[in-house]
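Trainee: Could you take a close look at one part of this complex with me? I would like to start with confidence and then move on to how things are built.

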Amino acid sequence: MQLTPGISESSHKADVETATDLCLLAGKIMLQSGAETYRVEDTMTRIATSLGMPLSHSYVTPTGIIFQADSGASSKLIRIAERTTDLQKVTAVNSISRKLTGGAIQAAEAKQELLRIDAAAHAFPVWVLIAAASIASACFTIMFQGGWRDFLPSLISGGLGYSAVIYFQRLVRVKFFAELFAAFLVGLISTLLVRAGIGVALDKIIIGSVMPLVPGLLITNAVRDLMAGHLVSGLSRGAEAFLTAFAIGTGIAALYLFF
Amino acid sequence: MVTVAQLVVSFIASSAFTILFNAPKRSLLQCGLAGMLSWVIYLLLQPRFGPVLASLCATAIVGLISLIFARFYKMPVIIFSVAGIIPLVPGGLAYDAMRKFVENDYNAAVQLAAEAFLISGAIAMGLILSEVLNQVFRTGR
């Protein structure tokens, strides 16, 4: 007589645990992949509701997530150290949450899938990324009213700048200095190319080449978060964007000391 | 000034950027299309209304198109809207502002920074506007 409620209570507790872990994992992947704050919270709430916890609460900031599945359950915290933009992962987590709410898969399956997504590497090899960055740089130079003679120099310096930021980030682990060095390199190469007679408008070449580094998307996401009422997230994303812009500006300015 | 060259480079730049953001491979074409559209709208409106209003209109329209793409291709809206705003984000302005700051030209720097902030505000507003319009249409029907 007394045994039954005890068993069901402990199994309920286990359910809450799995649900919390699942939600936090999904939230972590999305936040690390550059999803907006409201989307992360929305997805976590949806997953929790589909697992029978409609009264969950989540608090998402760019550096951490606090999640409570039920009013009686203990809340859990996850620390987020690094953030990139990886839309493939956002899409994948989104589709899993949809399948889960639709009842197409169960919690255990969803967890397997999420772990697989979390471990997945970037879908494109590094050389494709560098090629894409250099082509984007060259195209941006044209879009900013640069001439076609500036196409080749920004192709070169944009590609090298992006490779430099990847390389330096592995080397120093501090994003600010990686971006500073990369921006300095972009400025140096562009100046040398213009001095050598390849390319005309130095400003357009530099602006085009730093475009893969500048935090344009971060600024816009920051304002979006602010407008959606996520004040803490918005301000911290804005601070991150400001730091990156500052690093790039300083890197280019350091160049003017030499030339 | 809209030329064929501008169309082509904005298309390529947006697609290349979505590769950097690791968008799903089957969405690259649509992403390039979204970026090209926003750049064309911006170029057409910018001489008459200025960069801020032109950015607002361009993002609002691209936001609506992204919502349609998202429903049609069953992918999250963020993929297409990010691609659509890539040509518009004031990265160049932010860089210019920062450069003026470190060159001690504070007047020009604050001016540029304010413009960059206003443009990113307009882009965010445009995206939210498209979402609101979408909700109004859906509930209004």
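In chain B, which helix has the lowest confidence, and which the highest?

Mentor: Happy to. In chain B, helix α4 (residues 91–102) of chain B has the lowest confidence, with a mean of 79, while helix α2 (residues 28–73) of chain B has the highest, at 91. For chain B as a whole the mean pLDDT is 87, and 97% of its residues reach 70 or more. Where pLDDT is low, the predicted coordinates should not be read in detail. For the complex, the predictor gives an ipTM of 0.86 and a pTM of 0.83.

Let us stay with chain B for its overall build. Chain B has 5 helices and 0 strands, so its radius of gyration of 16 Å, close to the 14 Å that the globule rule gives for 141 residues, makes it as compact as a globular protein of that length. Its C-alpha atoms fill a box of roughly 50 × 35 × 30 Å along the principal axes. Buried residues make up 53% of the 141 residues in chain B. As for contacts in chain B with a separation of 6 or more, 64% are between residues 24 or more positions apart.

Helix α3 (residues 77–85) of chain B is mostly covered, with 9 of its 9 residues buried. Among the buried residues of α3(B) are B:V77, B:I78, B:I79 and B:F80, and the list also includes B:S81 and B:G84.

Now for the partner. Chain A has 10 helices and 3 strands, and along its sequence the pattern runs α-α-β-β-β-α-α-α-α-α-α-α-α. A compact globule of 259 residues would have a radius of gyration near 18 Å, whereas chain A has 23 Å. The C-alpha atoms of chain A fill a box of roughly 90 × 30 × 30 Å, again along the principal axes. In chain A, 51% of the 259 residues count as buried.

The strands of chain A form an open sheet of 3 strands in the order β1-β2-β3 (chain A), with antiparallel pairing. β1 (57–61) and β3 (76–79) of chain A stand at the edges with a single partner strand each, so one side of each is left without a neighbour in the sheet. Neighbouring strands of this sheet are turned by 10° against each other on average, direction ignored. β1(A) pairs with strand β2 (residues 64–68) of chain A in the antiparallel sense over 5 bridges, and A:Y59 has A:I66 in β2(A) as its bridge partner. Helix α2 (residues 37–50) of chain A packs on the sheet, touching β1 and β2 of chain A; the direction of this helix makes about 155° with that of β1(A).

Finally, here is where the two chains meet. The contact takes 41 residues from chain A and 39 residues from chain B. On the side of chain A that touches chain B, the elements giving two or more residues are α3 (87–102), α5 (126–143), α8 (202–210), α9 (216–227) and α10 (231–258) of chain A. The largest share of that side, 10 residues, comes from α5(A). By type, the residues of chain A that touch chain B divide into 30 nonpolar, 9 polar and 2 charged.

Terms used:
Residues are numbered from 1 along each chain as its sequence is written. Chains are lettered from A and ligands numbered from 1 in the order in which they are written. This is a predicted model: local features need pLDDT of at least 70, side-chain atom pairs count only at pLDDT 80 or more; totals for chains, interfaces and linings use all residues. Helices (H or I, at least four residues) and strands (E, at least two) are DSSP runs, numbered from the N terminus. The radius of gyration is taken over C-alpha atoms; the globule rule is 2.2 Å times the number of residues to the power 0.38. A residue is buried if 20 or more other C-beta atoms lie within 10 Å of its own, exposed if 12 or fewer, and partly exposed in between; C-beta atoms are placed from the backbone. Two residues are in contact if their C-beta atoms, placed from the backbone, lie within 7 Å. Ala, Val, Leu, Ile, Met, Phe, Trp, Tyr, Cys and Pro count as nonpolar, Asp, Glu, Lys and Arg as charged, and the others, Gly among them, as polar. pLDDT is the predictor's confidence in each residue, from 0 to 100. Two strands pair if DSSP finds at least two bridges between them. Axes are lines fitted to C-alpha atoms, for helices over the stretch in contact, and angles run from 0 to 180 degrees between N-to-C directions.
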